[in-house]
Amino acid sequence: MRRASTLASSVLSRTLATAHGGVNSATVNHRLLQVALFGSTGGSYARGRWFSSFTGSPARSVSVGVAGALLSVAAAATSLSQEVHAKEPPPTELVPKDVILYQYEACPFCNKVRAFLDYYDIPYKVVEVNPISKKEIKWSDYKKVPILMVDGEQLIDSSVIIDKLGHRIHPEKRAVSEMDDDEETKWRRWVDSHLVHILSPNIYRNASEALESFDYITSNGNFGFTEKITAKYAGAAAMYFVSKKLKKKYNITDERAALYEAAETWVDALNGRDFLGGSKPNLADLAVFGVLRPIRNLRSGKDMVEHTRIGDWYSRMESSVGESPRIKV
């Protein structure tokens, strides 16, 4: 990663030094790379007519009874399906009163935390951090995102944040899962050690995709006007070259093939289940969904859904996670 950052710095230095005046150009470049790499939806009438056509004879009455039973089963199945795709809000008394997420909108690790908060319906405020000045987190000794403040307590590192908040809101679930969490833990680690490293070579695969990605990053990030223009074009150019270094670092020959293989590996892990957690998502489901969410509407994400079997699972996750409880400020 250090060699990749050096390469990007040489591309960005002169452009960004002008845009940011007294800010050290190497510092600006490094921070831009951080945000780029990591942060970077008539049936009752028809049913009535169908029932009426069976009235008038014992045989038809039996048919009506059978049909009614079948409809009851269907209704129960529908209800069960709705339950499967429902959120899992914790007991009211365990919900934190004040939750603030310091983040980059496009960062996959920040999106992991947001997926957890959204699924468990925990209201939270967002502070979008400027990746150049980072003035929003100058109060903290920790200078990376995500940072989650929970009732005044600072939590850092996406996986640690999720573990600690999970302990707090569902202590009984965590006690059970700690005895039988091998599969969930394995796939959460796979997300952090493998899946996230495939994303950058894909979203910066060529010049047009790099520009598309930086358009998303700068449109959703906390950039000043000059920073936005500079980041979009200089950052896209830099990351196009950096992505080639990342391919070599992580032994990726074909970035799209690697993305498709990862998606298929995940679907295979489901082994026919709706979610890795069974009828409801577990923390591994939320982690995979979270890191993929920033790319879903980019060319790489669209290709992934088109060319692999992950689309059905992703749609179920979208339904399960539902509307965000994010508080607009």
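Rings of Phe, Tyr and Trp (its six-membered ring) pair if their centres lie within 6.5 Å; planes under 30 degrees apart count as stacked, over 60 as edge-to-face and the rest as tilted. By that rule, this structure holds 11 aromatic pairs. It's a predicted model, so local features need pLDDT of at least 70 and side-chain atom pairs count only at pLDDT 80 or more, while totals for chains, interfaces and linings use all residues. Residues are numbered from 1 along each chain as its sequence is written, and side-chain values use heavy atoms, with hydrogens and water left out.

**Tyr204 and Phe214**
- Their ring centres are 5.8 Å apart with the planes at 40°, so this pair is tilted.
- Tyr204 is in the loop between helix H8 (182-203) and helix H9 (207-220), and Phe214 is in helix H9, 10 residues apart; helices here are DSSP runs of H or I, at least four residues, numbered from the N terminus.
- Tyr204 counts as buried at 0% relative accessibility, and Phe214 is buried too, at 1% (buried means under 20% relative accessible area, with a 1.4 Å probe and protein chains only).

- Phe289 and Tyr314 make a tilted pair, 5.0 Å centre to centre with 45° between the planes.
- Phe289 lies in helix H12 (residues 283-292) and Tyr314 in helix H14 (residues 310-321), so the pair ties together parts 25 residues apart in sequence.
- Both Phe289 and Tyr314 are buried.
- Ring pairs join Phe289 and Tyr314 with Trp187, Trp190, Trp266 and Trp313 in a cluster.

**Charges over rings**
- Arg296 has its charged end over the ring of Tyr314, 5.8 Å from the centre (the cut-offs: NZ of Lys or CZ of Arg within 6 Å of the ring centre and within 35 degrees of the ring normal).
- Arg316 has its charged end over the ring of Phe275, 6.0 Å from the centre.

Notes:
Helix = DSSP H or I, 4+ residues; strand = E, 2+ residues; numbered from the N terminus. Buried < 20%, exposed > 50% of the residue type's maximum accessible area, 1.4 Å probe, protein only.
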